[in-house]
Amino acid sequence: MDDVLIVGAGPAGAVAATVLARAGARVRVVDRASFPRDKLCGDTLNPGCLALLRTLQLAGSLEGVGLDVAGMLVTGEGGVAVEGRYPHDLRGRSILRRDLDWALLGQAIAAGARFEPGVTVRDAVTIERGGVRIVDGVTVGSRESAHRLRAPVTIAADGRRSTLAFGLGLARHPPRPRRWAIGAYFEAAPEGRPPSHDTRAVSGTRGILGEMHIRRGHYIGVAPVPGGMTNVCIVKPSAGGDVALRNPESALRVELEADPVLRDRFAGARLVHPPVVLGPLAVDATGEAVDGLLLAGDAAGFIDPMTGDGLSFALRGGELAGAAALRALEHGWAGVHAQLVEDRRRAFAGKWRFNRALRSLVASPSAVRTAAAAARIAPGAVRAVIARAGDCDLAMSRLQT
């Protein structure tokens, strides 16, 4: 019998599996997809993510893979553009999610975890013990050929539409914000740079820059990625019945053609694959818990990815879920959920506040105008935000330990 069953083989599930397998637990990881597989994402690890992977001894297979990211270019209304490089020569990494996820899953398998692709999880198996509901595994397969996989600990790392978390009432989409993302890969577009006469540009060795173009009511992320492609993702308020979402390629091109910074760069650019639509983005955990089950990654809560923190939350969240599973296996469930909540609060509270503040800014046209005006006067403040978004303080603290 497995000690731990992990549903979802993305970064959170793979990291949790590695932590557990290294500790000697019998771990089974299941996912409905076969790997490697494509995944809508910004395709960027910030310096804090890379430092965490090195701390977990998971960065080896990623060293030298992808493109070095030296910082961010942020643009706003009225032509404001601020280039901020990560301090202390820190670097992020541009890497396709299919390659990142496959590398992390490979290390989980190497540590002793068993991986089963193509497994569809239908629901959680629950039992009553002493009048308390407990998760005892999951039901997998089709309606006609369903069977159960049992384990004393199940980790739901099955994403922002988690079958397990939503099915048990442990997660929900909040009524606001209701944002959707449209993302696609284009043939490589010229890299964005502030105008040559712009004295706000930071001097130093030229490197790949991630880009965030903040507009009224929406933002556009742009990132060069390996393979001569450029990742473009637009995040905007919408709803499932939005007519524009029915033709995502048209919606994407309309936004690019209307943008004064991006229209010339992407004029006539060829799409490599059809765009992907994802939403609603935000997921809130209800705060409830069920013994036998832990949440990790987007299943435990998702904030739309303006600062690129999704992977940071997934990696660290997977590590914390793995540690919580070990405590449950060794000592039972008393206090496990409360400790995991506290561990996540210490790890993420500051970032949650930071993300929500930026999210609120984009939602307010007057705030966008004010921020653009402030950036002209004090570009250093924007560079500080870029360093904060890149988890540069975390990266330095981990490198020094």
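Author: A definition to begin with: buried means under 20% relative accessible area, exposed over 50%, and partly exposed in between, with a 1.4 Å probe and protein chains only. This is a predicted model, where local features need pLDDT of at least 70, side-chain atom pairs count only at pLDDT 80 or more, and totals for chains, interfaces and linings use all residues. Residues are numbered from 1 along each chain as its sequence is written, and side-chain values use heavy atoms, with hydrogens and water left out.

Reader: How many aromatic pairs are found in the whole structure?

Author: Three. Rings of Phe, Tyr and Trp (its six-membered ring) pair if their centres lie within 6.5 Å; planes under 30 degrees apart are stacked, over 60 edge-to-face, the rest tilted. One of the pairs is Phe35 with Phe115, edge-to-face at 5.6 Å centre to centre and 85 degrees between the planes.

Reader: Is Phe35 buried or exposed?

Author: Buried, because its relative accessibility is 11%. Phe115 is buried too, at 18%.

Reader: And Phe313 with Phe348, what geometry?

Author: Edge-to-face, 5.0 Å between centres and 70 degrees between planes. Phe313 is in helix H7 (residues 310-331) and Phe348 in helix H8 (residues 336-363), so the pair ties together parts 35 residues apart in sequence. Helices (H or I, at least four residues) and strands (E, at least two) are DSSP runs, numbered from the N terminus. Phe313 is buried at 12%, and Phe348 is buried at 3%.

Reader: Pocket next. Which element gives the largest share of the lining of the second largest pocket?

Author: H8, with nine residues.
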